[in-house]
Amino acid sequence: MNTSLLKKHFGLWLPVLVLMSALAACSGKKYETIPSGAKVLVIGDSITAGYGLSPELAWTTTLAAETGWQVINAGVSGDTTAGGSERLPALLDEHQPLAVIVELGGNDMLRRQSPTSIGANLETMIGEIQRRGSRPILMAVPRPNIAGVVLSSLSDAPLYTAMAREKNIPVIEYILSDTLSRPELKLDELYPNGEGHRQIGKGVASALRKQGLVR
């Protein structure tokens, strides 16, 4: 293609490219900021509990340092969405958090629970959080699969983004999948090491900052 023809084609496409860029810039959903000092409960499984590490090395410690929030770690190794749903009301009564991050579902998937069942439990938790006047935040969990582990290329289970969009609530995407796809950030095939937890905490804070939740 000669130079004049290239310029002509570029001129035709330029308005479209500008519009697409503008739409992309505006597509990020923004939420009300959670102020420094606020109580934020994280209910999760072994990832949140900091399996294999001292409790203070869990990613929630880094999240607290990055945000200034009072982050309450309610991670229990082996927990499921059903177990989290059962534990949640007492935790809300005890801590009365402004927001709740839900990091659950990985163990459900390992036990071959259906996406419908996992989604129903998450929906129950979201409803309970909102009913108590707190703000729910979903944390996407990677789909466990042999290929993803072997090739170090995990991806989020799609139900988290779909549910967050349906409920109009924030979702933390890609952080766990990215960390657990990097061997240098893992204790073993399933769990992050200390640096992995630090990266998760920083990644979660960054993702929430982009959504307006962190100043």
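**Close-up views of a predicted model**

View A. Tyrosine 51, by contrast, is partly exposed, its relative accessible area being 40%. One aromatic pair is present in the structure. Its members are tyrosine 51 and tyrosine 191, whose ring centres lie 4.1 Å apart; the planes stand at 35°, so the pair is classed as tilted. The two residues are 140 residues apart and link distant parts of the chain. Tyrosine 51 belongs to the loop between helix 2 (46-49) and helix 3 (59-67), and tyrosine 191 to the loop between helix 9 (175-179) and helix 10 (194-210).

**View B. Packing of helix 4 with helix 6.** Helix 4 (residues 81-95) packs with helix 6 (residues 115-131) at an angle of about 10°, and the axes are 9 Å apart. Helix 4 is therefore roughly parallel to helix 6. From helix 4, the contact involves Thr81, Ala82, Gly84, Ser85, Leu88, Pro89 and Leu92. These meet Ile118, Asn121, Leu122, Thr124, Met125, Glu128 and Ile129 of helix 6. By residue class, the contact of helix 4 with helix 6 comprises eight nonpolar, five polar and one charged.

View C. Asparagine 107 lies in helix 5, which spans residues 106-110. This asparagine counts as buried because its relative accessibility is 14%, under the 20% limit. Apart from neighbours within four places in sequence, the residues in contact with asparagine 107 are Asp45, Gly78, Asp79 and Thr80.

Conventions: Residues are numbered from 1 along each chain as its sequence is written. This is a predicted model: local features need pLDDT of at least 70, side-chain atom pairs count only at pLDDT 80 or more; totals for chains, interfaces and linings use all residues. Side-chain values use heavy atoms; hydrogens and water are left out. Helices (H or I, at least four residues) and strands (E, at least two) are DSSP runs, numbered from the N terminus. Buried means under 20% relative accessible area, exposed over 50%, partly exposed in between (1.4 Å probe, protein chains only). Contact means heavy atoms within 4.5 Å. Axes are lines fitted to C-alpha atoms, for helices over the stretch in contact, and angles run from 0 to 180 degrees between N-to-C directions. Angles under 35 degrees count as roughly parallel, over 145 as roughly antiparallel, 65 to 115 as roughly perpendicular and the rest as oblique. Ala, Val, Leu, Ile, Met, Phe, Trp, Tyr, Cys and Pro count as nonpolar, Asp, Glu, Lys and Arg as charged, and the others, Gly among them, as polar. Rings of Phe, Tyr and Trp (its six-membered ring) pair if their centres lie within 6.5 Å; planes under 30 degrees apart count as stacked, over 60 as edge-to-face and the rest as tilted.
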